[in-house]
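Welcome to this short report. Please take a moment to look over the sequence and the structure below, and then read on about the ligand and the rings.

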Amino acid sequence: MPSAPVAIFPGSFDPLTNGHLDLIVRGSRLFSRIVVAILVNADKRPLFTIDERLAMVREATADIANIEIDSFSGLLVEYAARKDANVLLRGLRGIADYEIEREMAAINRRLRAGIETVCLMASEPHLYVSSRRVKEIAGLGGDVSGFVPAFVTKRLRAKLQEKDSI
Ligand code: PNS
């Protein structure tokens with residue numbers, strides 16, 4: 001009987017949302033170890049720096065024992081191989097996510113045989129939560145407290161003020 005594998009939970013986490021956090025908690029119960037791998041976005045222009053995103057995930061997951069928080073650049077399958085992991089964990093909110101995840105899962109399996117993508121259905125309260133919408137709403141002065149941890153709301157406010165003052 002194989003033991004529960006190590007899973008990589010990759011993403012941009014710009015910023016971490018309650019939806020991400022829900023998946024991290026659920027993933028940490030399913031797998032022996034979960035590695036949250038934050039993409040150092042070379043072509044996108046993230047709102048938060050990689051260090052800020054790492055710090056937010058670390059702070060929100062401080063009470064989870066079997067977790068590692070890391071960053072990566074380059075191919076995800078190569079990163080997973082370096083971490084000795086064969087599972088990629090992703091969340092599915094709806095059909096639009098499904099199309100994207102199916103494509104990425106197929107490409108990743110072409111790139112590295114044996115890599116498996118495991119998708120968890122988003123929990124009902126998080127079905128419409130995305131980092132993109134959170135940034136949009138916060139940027140327009142809306143309340144994002146239902147979508148992200150309280151300390152992320154504060155950091156979003158500070159970041160947007162910092163940007164406004166430039
Ligand atoms: O949070 P996101 O933006 O949905 O995460 C996307 C991510 C990081 C999983 C994806 O962009 C990725 O794996 N990037 C690494 C580059 C790569 O391996 N590309 C080929 C596989 S599709």
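A polar side-chain atom of R90 lies 3.0 Å from an oxygen atom of the ligand. Such a polar contact is a pair of N or O atoms within 3.5 Å.

| Residue | Part of the residue | Distance to a ligand oxygen atom |
|---|---|---|
| S12 | N or O atom in the side chain | 2.9 Å |
| L76 | polar backbone atom | 2.8 Å |
| R90 | polar side-chain atom | 3.0 Å |

On its own the ligand has 550 Å² of accessible area (Shrake-Rupley method, 1.4 Å probe), and the protein covers 72% of this.

This is a predicted model, in which local features need pLDDT of at least 70, side-chain atom pairs count only at pLDDT 80 or more, and totals for chains, interfaces and linings use all residues. Residues are numbered from 1 along each chain as its sequence is written, and side-chain values use heavy atoms, leaving out hydrogens and water.

Which residues are around the ligand? They are G11, S12, L39, K44, F72, G74, L75, L76, R90, M104 and N108, each with a heavy atom within 4 Å of the ligand. This shell divides into five nonpolar, four polar and two charged residues, with Gly counted as polar.

Now to the rings. There are two aromatic pairs (ring centres within 6.5 Å). The ring centres of F9 and F13 are 5.4 Å apart and their planes stand at 75°, so this pair is edge-to-face, a term for planes over 60 degrees apart. F9 is buried, with a relative accessible area of 3%, and F13 is buried at 2%; buried means under 20%.

Terms used. A polar contact is a pair of N or O atoms within 3.5 Å; within protein, one must be able to donate a hydrogen and the other to accept it, and residues adjacent in sequence count only if both atoms are side-chain atoms. Rings of Phe, Tyr and Trp (its six-membered ring) pair if their centres lie within 6.5 Å; planes under 30 degrees apart count as stacked, over 60 as edge-to-face and the rest as tilted. Buried means under 20% relative accessible area, exposed over 50%, partly exposed in between (1.4 Å probe, protein chains only).
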